[in-house]
Amino acid sequence: MAALCVALTACRQVAPAFGPNIPGARQNAEEFFYSIGSRFTNIQRPPKIIRARQQFGHYALTPSGVYNDTSVWLAVGPDSARLFGNEGKFSFDRYIVNARLSNTPPDTLTESREIVRLRKLSASEYEWFTNVDVALGRIAAKNISDVLAAALDAGEGRSPATIRADYTTHFPRTVAALGRLFTIDTLRATLDGEGATTYELAIRLTPDILKATMPHYAAYIDKYISKGKYRLTLTDKTGARWFDASAANYYMHFKVRSKGGHFAPLEGAVRPMPEALTIHLDLAMKILIFTVGWTEMTGEFNLINTPHERGWAMRFAKEPEWRLPPAVGRLLKSPLRRPFQGQGIPVRISIRDNPGAQTLLNRRGTLVVQESGILRFLNRLSGTAVGDFLGPSEREANRFNADAFRALRADVAAILQ
C-alpha cells in the first residue's frame, strides 16, 4: 500500500493539498510525517508491555489463557473486564512507550494512547476491544481527503512515463527507501470516453533485495506474506466495483478509476461514490504445513465524511466460507460463526480534527470469540505467525517504515520550500 501511495501521490502537484496555503501545507505535512514516522523509530518498551503484546498475540483466539494472567493487566473493571493500556511519545532519538491506563486523548505531537479490554461473556465466550489514538499535528481531516483527491487528479490524462518521471524526480528519497522492498512493475493510466482515468498498478515484492539490510523482516515476508493470497473489493448496491486490490506470488495489484480527483466506478458511467458500500475479502495463508483462510467475507463499508472527520466504518456480520485443512474441517464449526453474530465485527478507522487541539488518527475494533477445538487449532497457527514477527522481524519492519516516512517528510519539504 505504501508503494501505491507513492505511485499515485508522489507528484509535485499533490504536496500543496496538505494545507490551505503553502506555509500551512508545509507545516501540516512536516507534523504529519514526523508524527507517524516517530512511532516506528527505535521503539523502547518495558518488559511488562513486551510480555502483554506476546500474550495478546499468543491467546488472541483463546483468551482464557490470558484473562487471569495478573502479570499482564493493569486494572479490573466493574464488570470484571481486564484492562491494559499504554502511552507513547517520541523523545530525542527514540519512541518511548509506558504502561498506563488513560482516557485523556493525546495532546502533543507524536503522542499515542492505546486501550485493550477483555471481557468474559460466558464460560467460553470473550470480547476483545481495542482503541488506539495517535496525534498527527494540526492538519485538518479535510486536508487528508484533499491530498488523495489531488493525487488522483494529478495523474489523470497523463502517460505512465510522465507519472513515473514525476515521482522519481520529485520523490527520490521515498523511491529509494521503498525500493528496497517494492518495485512498481506495471503502471497504466488509461483515459476513457467518459473523461475518467483508470489506474492499474502492479507492485512486486522484493525481499531478496531487502535482506541485504533487513534479513529478518525479509525472511518473514518471504515465509508468510509473499506466499499468501489476498483479494479486497469494494462494490455498491448495484454490484459496481469501486476499488479492487489483490496479492499473490510476490505481486500486489491495484485498480481504481477517477475523474477530477473523485473516485468513479471501475466500469460504466461516471457518478459520485456512494457513502454506503460493501467490502469483500478473500484470504489464504500457509502457516507451517497448513493452508487456512476464507472466501467472500463481506461486510458493510461506510465512508465517514463530516466537516471534522474522514475515514471508514466497517462491520462484518456474515460468516464467510472457511478454508481449512480436511481433518480440522470435520470439527464443530459453530464457534466460527460467533464473531459474526449480534453486532458482528465492527472496525472503525478515522482521522478527526478538533480546532485548537491535536488531530487524531483513531483505530478501534471489537471481536467476540467462542473457545473451542477449532479455535485452539487456529490460535496455534496465528500465534506462530505473530511469534515469528515479534522480535528482530518487527524491529526491522519498524525501521523500514521509519525510513519511508522520514524520506516522504524530506521530499515533501523540498517541494514546499
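Me: How do H9 and H12 run, roughly parallel or roughly antiparallel to each other?

Reply: Two packed helices are described by the angle and the distance between their axes. In this predicted model, H9 and H12 are roughly antiparallel (over 145 degrees; under 35 is roughly parallel, 65 to 115 roughly perpendicular, the rest oblique). The axes of H9 (residues 215-225) and H12 (residues 373-389) cross at roughly 165 degrees and come within 10 Å. Axes are lines fitted to C-alpha atoms over the stretch in contact, with angles from 0 to 180 degrees between N-to-C directions. Helices are DSSP runs (H or I, at least four residues) and strands likewise (E, at least two), numbered from the N terminus.

Me: Which residues of H9 and H12 meet?

Reply: Tyr220, Lys223 and Tyr224 of H9 touch Thr384, Ala385, Asp388 and Phe389 of H12 (heavy atoms within 4.5 Å). That contact has four nonpolar, one polar and two charged residues. Asp, Glu, Lys and Arg count as charged; Ala, Val, Leu, Ile, Met, Phe, Trp, Tyr, Cys and Pro as nonpolar; the others, Gly among them, as polar.

Me: Which element supplies the largest share of the lining of the second largest pocket?

Reply: Rolling a water-sized probe over the atoms shows where empty space is left. H13 supplies the largest share here, six residues. S1 (43-44), H3 (47-58) and H13 (392-415) each give at least two. The lining has five nonpolar, six polar and six charged residues.

Me: What are the ground rules?

Reply: Residues are numbered from 1 along each chain, and side-chain values use heavy atoms, without hydrogens or water. Local features need pLDDT of at least 70 and side-chain atom pairs 80 or more, while totals for chains, interfaces and linings use all residues.
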